[in-house]
Amino acid sequence: MTTVEFRKDLFANERQDDLNEIGKPKIRQDIEGHVTGRTAYFDDHLFEGLLHMRCVRSPHHHARIRSLNAAEAERMPGVVRVIYPRDVPNNLNTLLSLINFGRDDEPLLSHQKVAYRGEAVLAIIAETEAQARAAVDAVRVEWDELPHVLDVEDALKPGAPVVNEEYPNNCFDYEPYDHVKLRFGDVHAAFQQADHVVEATYEMSPIEHAPVETCGAIAAPETNGRYVCHTATQALFFSLGTTAKFLDMPSSRLHFIGGTVGGGFGGKVDSLTEPLAVLGAMLSGKPVKFMWDREEEMQVGAPRGAERWVIKDGVMADGRIIARSLTGYFDAGAYTRLSSYAGTKCTGHLPGPYTIPNVASNVFCVYTNRTPATAMRGFGITGVDFAIECHMDRVAEKVGMDPISLRILNSYRDGDMKAHRRSAKNCALVECCQVAAGKANWTLSAEDQAATSLTGTNANRQEIPETALDEDGRVGERKAGRVATTEPSLGTRRLPAGTHGRSHAAVAPQRPDMQILAERVGHRMDSEPQPMPEQSAAQVSAPRPPAPPRAAPPSPPPAAPPLQTQNTQPAPMAPVQSTPVPTYPPAAPPTSETEPAPKPFQKGVRRPGVSRFLSGSRRR
Amino acid sequence: MAVHHGRGFAAINYPIGMNLGGDPAQALVHSTPDGKFMVTLSAIDLGQGMKSVTRQIAAEALGVPIEDVYVDTADSDTGPHDMGSFASRGTHRVGNAVIRAASEARAQMMEAAAEELEVNPTDLYTDGNGNIHVKGAPSRSITIAETSIAAQFKQGRTLSGRGIFLIEPSGVDPDTGEMSPVTTYAHAALIIDVTVDDETGEVDVVEINSAYEVGRALNPKLVEQQLIGGAWMGVSHALYETTEPYYPSRDHGPIDFNHYLMPGPGEIVDHHIAILERPAADAPYGGKGPGEMCANPVLPAIANAVYNAVGVRIDRLPLTPEKILRAIMANGGARPQTRHPGARG
Amino acid sequence: MAKKPVSFILNGTETGIFVEEGGNLLEALRRGAGDLSPKYGCGQGGCGACTVLIDGEPHLSCLTLAETVEGRRVETARGISNGAELHPLQETFMEGFAAQCGYCSPGMLVAAKALLDKNPRPSRNEVIDAISGNLCRCTGYEPIVDAILQAAARLQGRVA
């Protein structure tokens, strides 16, 4: 049995609950169609003379195609057309080229070599699905097997087989490095100060999205040289743009229809079926359906990729985590798809919802000879959250602390500085911990019960510390055997405390008319979490009691001495040893007194050399 | 040989949308001749309720009843650009675009009504039931149907609006990782009670107690759908699901539902949910997307509960009976840990 | 390829179509008879999205030879409602938010109807048994089980 309660008493002064439609359990617009069987998914559009497509796929992890003979298949009953790699007008793409991230690295149909078991090398269109399957079985391919690599750490070693020629170092280029770096403070100095260092390795398994509807598309000639494509895509314009690029045709000749999808969970972004279906319709002049069967969905369709995480925490005896170092490997499989983005997205998420004064991470997007990975519910986050929260349990055990108390102690609060150098706001982790504990009859200390996300920050927690930087792992160095470790190393230079660029916010409405009137929103639209004046006291249930003061002295870890705050110049080189190592006296956790609000970011301050847009590069 | 009870905890936050590289969504709104409204999008409804939540948002922003709004989505000939349904971006990005489009259409509607009622548009309000009234003189009113007819057939005015929402694109500093990844985070914490059979290695999830902070539950039933289904998926990920059971080896990969395991209707877990709402400044009516974050805390909470029950840490997902049994054997038997407060059983 | 005529009663209406020899009932219903409510989910009998009733018994249409329904009564989700009037199962699925993507719903509803036709007062466990061959990836099943029990109660109320 499920029970659901709404804790309207919490954050009540930041919210009005008297909106007309919002907040009401209105019935779904699509539900009548679902229960009457009238909802039309992509495959529920009937076409006269519909043809069916199947693919010839690699049985090997890594192999060169010595010869390919489809002559017999072409003569088989019902076969309308064999599509060869040479039939694809522009047979190389990367999904995120649409936002200019990464280099084209994946063919629609592979013509020289295959880099994973299941990679398509040929497509066959026939009058029935059974005929298409029979023809696929009749294609003769001679393979020269190549050495393969399946483990992410093996793939990064010098001498590992090259999976993807576009990225010969077996990892995505996050120029100028072969990984995404996060550097905040100095983890190595803090480990020296820590009472305990806790280290462990975690692994996320590859997972299938398993929507009940498999991936697919039906394409058919329309008029005026256009093609209609009914699709199960999760991203209509991604699929349309990808199709236009592979087929080297103006997007105006494509009419994509979708929006009603039988489950996706991230598995229907890759846009593999749409280009082939449209190409099939172009070459045959007839409607063509390309829909994966369940086996393809499970083994050829991209999974949530595997991840491996090494976490090392420096923790004080009282439970304060003073340093967290992470090394992450996203297993992209043979091609990039969206995995490059996972590295960036999860880096922005680290070190999880906690305020830790020293954080460093190296995150790699690694190519291996397996099915390319893609997004799935919680993309870039699910795996590392598993690692972090298991690790928090280990840390709690090490210091002999209640696991929830450890979370509340280290939880981020409004105004705290996060490791990616932006202030935390609109936090609610503490309250979630308290409410969950209350529901499960898990007794928390008075102190933990009194904590709030609105309080607990202070000047130290709002500061950007002096930061140890390194230049390890420039693209290509690892393959050449010149990089010893994948973990964040000791820095070679230091970036002054307080160094940051500017924050980014929503672009203002194009015209004033498009701006919703503030009184019709029901909450504050600036980011200051102040009480709403309109709210009457009666609407707000019992305000939180002021928190009892914590044990003195209320001084969290002092940051390294600020040398040049708000510095916009490149960091001066300085030997690591010359800076005094920050010390962590047995001090109390965050004070529960309300501290002044964080200083707003200085507008327009940017470090030189930082791209306004993206860190990735595009060749073409 | 015995069945051991264990209790585990996990807490998480989740980024809503992804700013990097730009992540825009657009919406169009127009009225029919008799004052109903069509919302045209290119967003995808995968079951999460995109059509339904944008309909509700549009009705609220227009100030009309939900029955008078219909969402038509994902025809590239008519729908404006949208990146797609992923990264919990739909509610935040598309919702904001719909608010802007609906706000513009509402402004037109109020001007048309003002002309009919011979007042200033700022003196008017909508009652949410299809009428526009003069402030302080509610009996002076016009229906939205009449307003639309007048606008189209008399005034020559469209009641329509366009909206786009974009957080300006930003990059990542390669040396520090400095970035503006998102503007809004959802939160969750949960406690899971399990039993572990030290003879079979089998884990039963007995009960979940959870708190999810979602900004604002724009439609409480849609949120509930995500939280229940998401927790189910979390249990499934934690205990059963893998396409490569012996990763990094590719052997023994499942090719059908007899081998790709998931919990069935007989394994529904008792789940007690609390929903917290702290509106996000730049989210539509403060709502954050709950769809992705809800599965995440379940995985570590179960792993922590298994440790609590039998004293083995399974750090590689999924937590199969094989892994648990091997770890118990390596440990010389089950070693139940200190019971956490209030544990069931 | 050889085609074979098959006549059967589809949702109460006499229907005659030509089917591929060896072709499955799912494709025959969808492409032949134009009833798109049964869905392809796996073609292996593993997901239940294609469930239909043949003479009142739930069958997986993807694993049923089309020619075997000659002269028999076939019901799909399209046939559950009485014209424009929804079946209580459809009402409680709607009200109870018992679907998200909706792709499994036609099979679920048909499996549930087979149960209620035979057993108007099922226990919770009997409901679970009845839909245990139907996979849902979205809902976590609980709203579906609840909706079926509520429909049973509603049907009892109407009978009483």
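How many residues does the contact take from chain C, and how many from chain B? The answer is 18 residues from chain C and 16 residues from chain B. This is a predicted model. Chain A and chain B also touch, with 132 residues of chain B in contact with 139 residues of chain A. A parallel strand pairing joins these two chains as well.

**Contacts between chains**

- On the side of chain C that touches chain B, ten residues are nonpolar, seven are polar and one is charged.
- Chain B meets chain A through 132 of its residues, and 139 residues of chain A take part.
- The side of chain B that touches chain A holds 63 nonpolar, 41 polar and 28 charged residues.
- Strand β1 of chain A (residues 2–6) runs parallel to strand β11 of chain B (residues 270–276), and five bridges join the two.
- Within β11(B), B:Ala274 is the residue opposite A:Glu5.
- In general, strands of a sheet pair through backbone hydrogen bonds, either parallel or antiparallel.

**Chain A: overall**

- Chain A has 620 residues, of which 58% count as buried.
- Its secondary structure comprises 13 helices and 18 strands.
- Among contacts in chain A with a separation of 6 or more, 81% link residues 24 or more positions apart.

**Chain A: helix α3**

- Helix α3 of chain A spans residues 129–137, and its buried residues include A:Gln131, A:Ala132, A:Ala135 and A:Val136.
- These residues lie on the same side of α3(A), because they cover an arc of only 140° around the axis.
- An α-helix has 3.6 residues a turn, so residues three or four places apart point the same way.

**Chain B: overall**

- Chain B contains six helices and eleven strands.
- Of its 345 residues, 66% count as buried.
- The radius of gyration of chain B is 26 Å, whereas a compact globule of 345 residues would have one near 20 Å.
- Along the principal axes, the C-alpha atoms of chain B fill a box of roughly 85 × 45 × 45 Å.
- Residues 24 or more positions apart make up 77% of the contacts in chain B with a separation of 6 or more.

**Chain B: a three-stranded sheet**

- Three strands of chain B form an open, antiparallel sheet in the order β5-β6-β7.
- β5 (124–126) and β7 (137–143) of chain B stand at the edges with a single partner strand each, so one side of each has no neighbour in the sheet.
- On average, neighbouring strands of this sheet are turned by 35° against each other, direction ignored.
- Three bridges pair β5(B) with strand β6 of chain B (residues 131–134) in the antiparallel sense.
- B:Leu124 has B:Val134 in β6(B) as its bridge partner.

**Chain B: helices on the sheet**

- Helix α2 of chain B (residues 90–117) packs on the sheet and touches β5, β6 and β7 of chain B.
- The direction of α2 makes about 115° with that of β7(B).
- Helix α3 of chain B (residues 144–155) lies across β6 and β7 of chain B.
- This helix runs at about 55° to β7(B).

Technical notes:
Residues are numbered from 1 along each chain as its sequence is written. Chains are lettered from A and ligands numbered from 1 in the order in which they are written. This is a predicted model: local features need pLDDT of at least 70, side-chain atom pairs count only at pLDDT 80 or more; totals for chains, interfaces and linings use all residues. Two residues are in contact if their C-beta atoms, placed from the backbone, lie within 7 Å. Ala, Val, Leu, Ile, Met, Phe, Trp, Tyr, Cys and Pro count as nonpolar, Asp, Glu, Lys and Arg as charged, and the others, Gly among them, as polar. A residue is buried if 20 or more other C-beta atoms lie within 10 Å of its own, exposed if 12 or fewer, and partly exposed in between; C-beta atoms are placed from the backbone. Helices (H or I, at least four residues) and strands (E, at least two) are DSSP runs, numbered from the N terminus. The arc is that of the directions from the helix axis to the C-beta atoms. The radius of gyration is taken over C-alpha atoms; the globule rule is 2.2 Å times the number of residues to the power 0.38. Two strands pair if DSSP finds at least two bridges between them. Axes are lines fitted to C-alpha atoms, for helices over the stretch in contact, and angles run from 0 to 180 degrees between N-to-C directions.
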